[in-house]
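Here are some questions on how particular labels were reached, each answered by setting a value against its criterion.

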Amino acid sequence: MRASDLPLSVTDTWAEATQRIAGLFTPSLRLGVTGLARSGKTVFITALIRNLTLGGRLPFFGPHAEGRILAANLEPQPDDEVPRFDYEAHMRALSADPPEWPESTRRVSEVRVALTFTSEHPLRRMLGIRRLNLDIVDYPGEWLLDLAMLGESYASWSRDALDRAKLARGGTASDWLSFAGGIDPSAPEDEQVALDGARRFTHYLQAVRQQSTVATLGPGRFLMPGDLEGSPLLTFFPLALDPSETPVRGSLAAMMARRYDSYVQHVVRPFFRDHFSRLDRQVVLVDVLGALNGGAETIAELERALTSVLKAFRPGAASWIESLIGGRRIDRLLFAATKADHIHHTSHDRLEAILRLLTQRAAQRAGDAGADTHVMALAALRATREAQVREGGSMLPCIVGVPLPGEEIGSQRFDGRREAAIFPGDLAPDAAAVLSGEAPFSAVFPRFRPPRLSSASPSGELPAPPHIRLDRALDFLIGDWLS
Ligand SMILES: Nc1nc2c(ncn2[C@@H]2O[C@H](COP(=O)(O)OP(=O)(O)OP(=O)(O)O)[C@@H](O)[C@H]2O)c(=O)[nH]1
Ligand SMILES: [Mg+2]
C-alpha cells in the first residue's frame with residue numbers, strides 16, 4: 001500500500017487544505033528602496049539578497065536569529081515586462097579579484113525573494129509553514145528626482161529650475177543662462193530652438209552632476225535617458241513665464257509646456273504608478289557623509305530634493321478595508337544614512353542625529369499619517385574595519401580599508417592594493433550646527449574597495465558579507481511580516 005493510498009486523517013486533510021490555501025495566497029511585500037543617485041540602492045539590495053539567501057550574520061534580525069527562516073530563494077519577479085535585477089552580475093563584480101562595486105544603474109529592474117518561515121505563534125504554526133514574497137525594484141537614482149514633477153506645473157517647474165541655474169557655481173550655467181536670456185517665450189514655436197535649448201540645458205545639468213557629490217537636479221531622464229535616448233520627450237527646457245497666464249497657442253512657451261506635460265504623463269507617471277504606488281514599506285537611503293563633504297549648500301539642496309520627492313509617496317497606517325481591496329500604504333518608513341563604515345562607530349549616533357534633522361519634515365508628514373518611522377546609520381557592505389592608531393601622545397579612532405586606485409588624501413595617492421589606516425575626523429555633537437555649516441564636517445576619507453567575499457573560511461563555510469546594522473534594518477522593515 002502506498003502512502004498516498006492511506007486514508008487521510010482529519011488533521012492531515014486540514015493541514016493539506018491550509019497549506020494549499022497558504023500557497024494560493026502567499027502574501028507579497030513590496031519594499032521601496034528609495035534614494036538619489038549613488039546613495040547605495042544597488043549595493044543595499046545585493047547585500048540584502050546575499051545575506052538572506054546565504055544566511056548571513058544577522059543577529060538583530062529576529063526571525064533569522066530565532067532560526068525561523070527555513071529558506072530564502074530568488075524567484076521569477078511578478079512583472080514579466082520588467083527585467084530581473086542582475087544580482088548575479090553584481091555579485092560577480094563584488095567577488096572579483098580585486099573586488100569591484102556594481103556599476104551605476106541605467107534601467108529599472110525587479111527581484112523577488114521568496115521566504116519560507118515558521119511562525120512564532122502556535123496557532124499560525126498549526127496552520128503550516130508560511131511563505132512571504134519580498135519584491136524589490138532597483139532603478140537609476142536620477143529618475144527619482146522626477147517624482148517631484150508630479151502635480152507641478154510647467155511654469156512653476158521652470159521658475160524653480162531657472163532660480164537654481166542662477167545659483168550654480170563656477171559658471172557652470174553661464175552658456176545655458178545666456179541662451180535662455182535671449183529667448184522670447186512668446187515667439188512662434190520652433191523645433192530647432194527646442195533641440196538647441198534642450199541640448200544646452202542637458203549639458204548644464206551634466207556639468208552640475210559631475211561637480212556635485214549629491215545629484216539633486218533633474219529631469220532625471222536628461223541625465224540618465226535609458227531607452228529614451230534621443231526621444232522627442234526630452235526636448236524641452238525651462239522658460240521664464242508668468243504662472244497666472246496661459247501661453248499663447250503656437251508659441252514656444254506653449255510648445256515647451258506641452259512637452260513638459262508629455263514627459264510627466266508618459267515618463268514620470270508610469271514610473272511612479274508601476275513601481276512606487278503600491279509600496280508597503282520604504283527605506284530611504286541617504287549618503288549623508290557625501291553631502292556633508294559638499295558643504296552646507298549641498299546639504300540644503302539634498303534636504304529640498306528629498307522632501308519634494310517624498311511628497312509623492314503615500315505613508316500611513318493602511319486601514320483594514322484598504323488592505324482588503326488591495327489598497328496599500330507605506331506603514332513603516334526607515335531613513336538610513338548609508339556608508340557608515342566611512343566613520344568610526346563612535347560617531348554613528350551623531351550621524352543618525354544629523355539624518356533625523358535632515359529628514360524631519362518628511363518624517364513628520366509620515367508620522368502624522370500614522371506610519372512608523374525610524375532613523376539608522378548603516379553600511380550594507382562594510383568595506384572597512386576599525387583600529388586605534390597612536391599619533392603623538394594620543395590614540396586616534398581610525399578606519400582601515402583598501403582605498404580604490406587613484407584616490408588621494410593630501411599628498412598621498414593610493415594604488416588600490418594596499419590597506420591604509422585613516423582618521424576620518426569627528427562629527428560635531430550638535431547636528432544643527434553640522435547641517436548649517438557652523439561646525440562643518442570636512443571628512444577625509446577615500447572611496448574604499450568593497451570587502452573580499454570570495455574566499456571561504458578554514459571551516460569551508462562561505463563568509464557572511466560584513467555589514468553594519470543591515471540586520472536591524474531588515475528587522476524593522478520586514479520582521480513583523482515574518483512573525
Ligand atoms: N564603503 C561603502 N561604500 C558603499 C556602500 N554602499 C555603497 N557604497 C558606495 O557607493 C557607491 C554607489 O552605490 P550604489 O549601490 O551603486 O548606489 P545606487 O544608489 O544604486 O546608485 P545609482 O544606481 O547611480 O542610482 C558604490 O559604488 C560604493 O562606492 C557601503 O555600504 N559601504
Ligand atoms: Mg544603482
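Q: Why is Leu378 called buried?
A: This is a predicted model, and in it Leu378 has a relative accessibility of 0%. Buried means under 20%, so Leu378 counts as buried. Leu378 belongs to the loop between strand 7 (372-377) and strand 8 (385-391). Its C-alpha atom is separated by 16 Å from that of Arg50, 328 residues apart along the chain.

Q: Is Leu145 buried or exposed, and how do you know?
A: The relative accessibility of Leu145 is 9%. The limit for buried is under 20%, therefore Leu145 counts as buried. Leu145 is placed in the loop between helix 6 (141-144) and helix 7 (154-167).

Q: What makes Arg469 partly exposed?
A: Arg469 has a relative accessible area of 22%. Buried requires under 20% and exposed over 50%, so Arg469 is partly exposed. Arg469 is found in the loop between helix 17 (431-436) and helix 18 (470-478).

Q: Why is Arg38 called partly exposed?
A: The relative accessible area of Arg38 is 45%. Exposed means over 50% and buried under 20%, so Arg38 is partly exposed. Arg38 lies in the loop between strand 1 (28-35) and helix 2.

Q: How do you know that the peptide bond from Asp97 to Pro98 is cis?
A: Its omega is near 0°. Pro98 sits in the loop between helix 4 and strand 3. A cis peptide bond also joins Gly218 and Pro219, where omega is about 5°. Pro219 is in the loop between helix 9 (191-211) and helix 10 (220-223). For context, most peptide bonds are trans.

Q: What makes Thr42 and Thr105 ligands of the magnesium ion (ligand 2)?
A: The OG1 atoms of Thr42 and Thr105 coordinate the ion at 2.0 Å. A donor is an N, O or S atom within 2.8 Å of this metal, so both OG1 atoms qualify. Thr42 is in helix 2 (residues 41-54), and Thr105 is in the loop between helix 4 (87-95) and strand 3 (109-117); the pair links distant parts of the chain, 63 residues apart. Thr42 and Thr105 are buried. Water is not among the atoms, so the site may look incomplete.

Q: What surrounds ligand 1?
A: Ligand 1 has 21 residues around it, the closest being Lys41, Thr42, Val43, Ser104 and Gly141. Helix 2 gives the most to this shell, with 3 residues. The space taken by ligand 1 is the largest pocket.

How values were computed
Residues numbered from 1 in each chain as written. Chains lettered and ligands numbered in written order. Predicted model: local features only at pLDDT ≥ 70, side-chain atom pairs only at ≥ 80, totals over all residues. Heavy atoms only, no water. Donors = N, O, S within 2.8 Å, 3.2 Å for Na, K, Ca; no water. Helix = DSSP H or I, 4+ residues; strand = E, 2+ residues; numbered from the N terminus. Buried < 20%, exposed > 50% of the residue type's maximum accessible area, 1.4 Å probe, protein only. Near = heavy atom within 4 Å. 1 Å grid on protein atoms, 1.4 Å probe; cavity = no way out; pocket = protein on both sides within 12 Å on 5 of 7 lines; lining within 4 Å. Sits in = over half its atoms within 2 Å of the grid points.
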